[in-house]
Amino acid sequence: YSKLLIIRLDLSFQYDLAHTMSRENALWYFQKIRNNMRFNQLFNHFITYLAKLEYGQDKGWHFHVCFIFNGQQVKNDQYLAQNIGEYWRNTIVGQNLGLYFSCNHRKYDNSGIGMIDYRNIDKIQIFKDIIAYLCKIDKTTLNQFQGLSETPRTFFRGQLPAISETKLGRPRMYDNPSKL
């Protein structure tokens with residue numbers, strides 16, 4: 001993909017629900033949104049996702065998620081982020097018990113979210129840093145698993161679609177993007 005549209009959301013639950021919810025319940029809601037992606041037009045041109053499940057004293061169980069879309073087909077990251085967040089709140093969790101925070105509405109000039117073109121090396125590096133943050137070990141979350149024989153998964157990712165072997169279009173100049 002020559003362009004990626006990165007949507008970065010925090011998906012959580014209202015305070016009353018969050019502190020009565022188990023890890024398995026939170027994962028059930030996340031599985032529900034993953035299953036519904038296949039049939040929901042919000043996720044047209046969706047490529048994959050990265051998600052981190054965390055536990056916080058205030059939020060309880062919540063997810064930090066990056067949804068990755070084909071940037072040649074999808075343009076407005078703030079609009080899409082808001083619609084996915086509202087879908088989480090109103091449909092997936094329901095009864096306005098879900099909460100979301102859109103990082104796309106608070107992005108800075110040099111952020112690793114929104115539209116990323118293959119030539120923008122700096123933005124690609126920042127996105128890699130975001131991924132590294134999602135993969136970090138969180139001690140507060142690990143404390144929730146004390147006494148278990150093994151630590152359950154807290155990082156999730158989608159499968160990448162099969163890559164076509166056809167070489168359609170103009171060749172990209174990967175070695176030196178500034179030549180374009």
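This is a predicted model: local features need pLDDT of at least 70, side-chain atom pairs count only at pLDDT 80 or more; totals for chains, interfaces and linings use all residues.
Residues are numbered from 1 along each chain as its sequence is written, and side-chain values use heavy atoms, with hydrogens and water left out.

**Overall fold**

The secondary structure comprises five helices and six strands, taken as DSSP runs numbered from the N terminus (helices: H or I, at least four residues; strands: E, at least two). Along the sequence these elements follow the pattern β-α-α-β-β-α-β-β-α-α-β. Of the 180 residues, 43% count as buried, where buried means under 20% relative accessible area, exposed over 50%, and partly exposed in between (1.4 Å probe, protein chains only). Among contacts with a separation of 6 or more, 70% come from residues 24 or more positions apart, a contact being heavy atoms within 4.5 Å.

**Strand E1 and its partners**

Strand E1 (residues 3-13) is mostly covered, since nine of its eleven residues are buried. Strand pairing requires that DSSP finds at least two bridges between the two strands. E1 and strand E3 (residues 60-70) pair in the antiparallel sense over eight bridges, and Leu11 stands opposite Phe63 in E3. Five bridges join E1 to strand E4 (residues 98-102), again antiparallel, with Tyr100 in E4 as the bridge partner of Leu11. E1 also runs antiparallel to strand E5 (residues 114-117), to which four bridges join it; here Leu5 has Met115 as its bridge partner.

**Salt bridges**

Side chains of opposite charge can pair when their charged atoms come close. A search of the whole structure finds four salt bridges, each defined as a side-chain nitrogen of Lys or Arg within 4 Å of a carboxyl oxygen of Asp or Glu. The table gives some of them.

| Asp10 | Arg8 | 2.5 Å |

Glu86 and Arg89 both lie in helix H3 (residues 77-93), three residues apart, about one turn of the helix; Glu86 is partly exposed at 22% relative accessibility, and Arg89 is partly exposed at 24%. In the remaining tabulated pair, Asp117 counts as buried at 15%, while Arg119 is partly exposed at 37%.

**Aromatic pairs**

The whole structure holds twelve aromatic pairs, in which rings of Phe, Tyr and Trp (its six-membered ring) have centres within 6.5 Å, planes under 30 degrees apart counting as stacked, over 60 as edge-to-face and the rest as tilted. The rings of Phe30 and Tyr49 have centres 5.8 Å apart and planes at 70°, so this pair is edge-to-face. Because Phe30 lies in helix H2 (residues 23-37) and Tyr49 in strand E2 (residues 46-56), the pair ties together parts that are 19 residues apart in sequence. Phe30 is buried at 1% relative accessibility, and Tyr49 is buried at 6%. Phe63 and Trp88 form another edge-to-face pair, 6.5 Å centre to centre with 75° between the planes, which links strand E3 to helix H3 across 25 residues. Phe63 is buried at 0% relative accessibility, as is Trp88 at 0%. Ring pairs link Phe13, Trp28, Tyr29, Phe30, Tyr49, Phe63 and Trp88 into a cluster.
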